[in-house]
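Colleague: I would like to learn how to read side-chain features in a model. Can we go through some cases one by one?

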Amino acid sequence: MSRDVYQHFRPSERVFIDKVIDWLEKVSDTYSIVVTDFLNPRQCFILEILMTSINNDELQVLTSASIVETEYVKLILAPSYYKLEILDFDLACLQIDFSSKFVTLKHSQILGTLLGETGLDRSKIGDISVHQSFAQVCVSKKLVTVFTESITKIARSGVKMKEISPNDFVRLPEQATNQVVLMSSLRIDKAIASVFDKSRSLSQDLIKSGKVKVNYAEVMQNDFEVRTGDLISIRGLGRVKIGQNLGLTKKDKVRIEVQIISSQK
């Protein structure tokens with residue numbers, strides 16, 4: 001496959017593009033299957049674009065969303081004749097029980113503990129859904145015992161972890177509101193300030209402290225330019241998806257459609 005596809009994506013995405021190309025070539029050349037780790041929606045989008053570009057009817061992509069509806073999914077790349085078995089996804093769901101009378105656990109605390117106590121990569125963990133007295137997380141099936149045997153405490157709170165059926169995974173619903181925002185430019189710091197009505201200095205502090213991600217990747221540059229379709233995540237504020245550029249106002253402000261997303265607990 002030609003590396004000309006690079007021009008359609010950001011330089012920071014080249015490593016993942018190369019990985020996808022290697023996957024596709026492996027399936028095409030050896031007629032074997034590839035089971036991915038957990039991929040975020042941006043990575044799934046890139047894979048879909050690359051699949052479309054090769055236009056190969058002999059390949060198919062299967063998604064774990066057919067088992068449990070989540071944001072992060074595991075994919076299987078396989079020859080078109082391949083018959084899927086649920087176990088092929090290497091997917092499991094865990095429930096983390098804690099005493100809500102004494103503690104409230106946050107997504108970041110749970111993720112930090114899961115990664116810190118095991119030394120695993122983020123790609124080995126899927127969605128984390130936090131409820132009042134329990135949390136649920138999707139993981140690789142073969143790593144279940146790694147989590148259940150190594151984690152007994154999160155944020156100074158004792159926890160009990162057990163495997164549950166994917167059918168029992170409860171994803172928190174999201175609420176999205178659409179609006180048009182005026183921005184002086186498409187710099188990430190100015191975009192955050194405009195959307196959330198915050199000062200530019202606060203936006204820059206959030207970026208500097210590693211609390212801002214674009215398309216699930218951390219961004220540390222204040223002058224990083226956002227594009228249509230980008231998903232900006234700001235820890236403590238929420239998420240916003242950049243929509244269509246509606247052009248300039250008479251005062252040279254950029255009119256941008258945005259979708260502000262929040263989880264409902």
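Modeller: We can start with a charge placed over a ring. The model is predicted, and in it Lys74 lies over the face of Phe38, at 5.1 Å from the ring centre.

Colleague: Which ring does the charged end of Arg14 sit over?

Modeller: That of Tyr6, with the charged end of Arg14 4.6 Å from the ring centre.

Colleague: Next, ring against ring. How many aromatic pairs does a search of the whole structure find?

Modeller: Two aromatic pairs are found. Phe16 and Trp23 form an edge-to-face pair, with 6.1 Å from centre to centre and 85° between the planes. Planes over 60 degrees apart count as edge-to-face, so the label follows from the angle.

Colleague: Is Phe16 buried or exposed?

Modeller: The cut-off for buried is under 20% relative accessible area. Phe16 has 12% relative accessibility, so it counts as buried. Trp23, at 15%, also counts as buried.

Colleague: What is the geometry of the pair of Tyr72 and Tyr216?

Modeller: Their ring centres are 5.7 Å apart and the planes are at 80°, so this pair is edge-to-face. The two residues are 144 residues apart, and the pair links distant parts of the chain. Tyr72 is in the loop between strand E2 (59–63) and strand E3 (73–79), while Tyr216 is in the loop between strand E11 (212–214) and strand E12 (217–218). Both Tyr72 and Tyr216 are buried.

Colleague: What does the UniProt annotation say about residues 186–248?

Modeller: The unreviewed entry gives "domain: RNA-binding S4" for residues 186–248. In the model, that span is 29% helix and 32% strand, and its end C-alpha atoms lie 12 Å apart.

Colleague: Last, the cysteines. How many disulfides does a search of the whole structure find?

Modeller: A disulfide is a covalent bond between the sulfur atoms of two cysteines. The search finds zero. For Cys44, the nearest cysteine sulfur is that of Cys138, 13 Å away.

Conventions
Residues are numbered from 1 along each chain as its sequence is written. This is a predicted model: local features need pLDDT of at least 70, side-chain atom pairs count only at pLDDT 80 or more; totals for chains, interfaces and linings use all residues. Side-chain values use heavy atoms; hydrogens and water are left out. Rings of Phe, Tyr and Trp (its six-membered ring) pair if their centres lie within 6.5 Å; planes under 30 degrees apart count as stacked, over 60 as edge-to-face and the rest as tilted. Buried means under 20% relative accessible area, exposed over 50%, partly exposed in between (1.4 Å probe, protein chains only). Helices (H or I, at least four residues) and strands (E, at least two) are DSSP runs, numbered from the N terminus. A charge sits over a ring if NZ of Lys or CZ of Arg is within 6 Å of the ring centre and within 35 degrees of the ring normal. UniProt positions are given in the numbering used here, feature names are shortened, and annotations may be inferred rather than shown by experiment. A disulfide is a pair of cysteine sulfur atoms within 2.5 Å.
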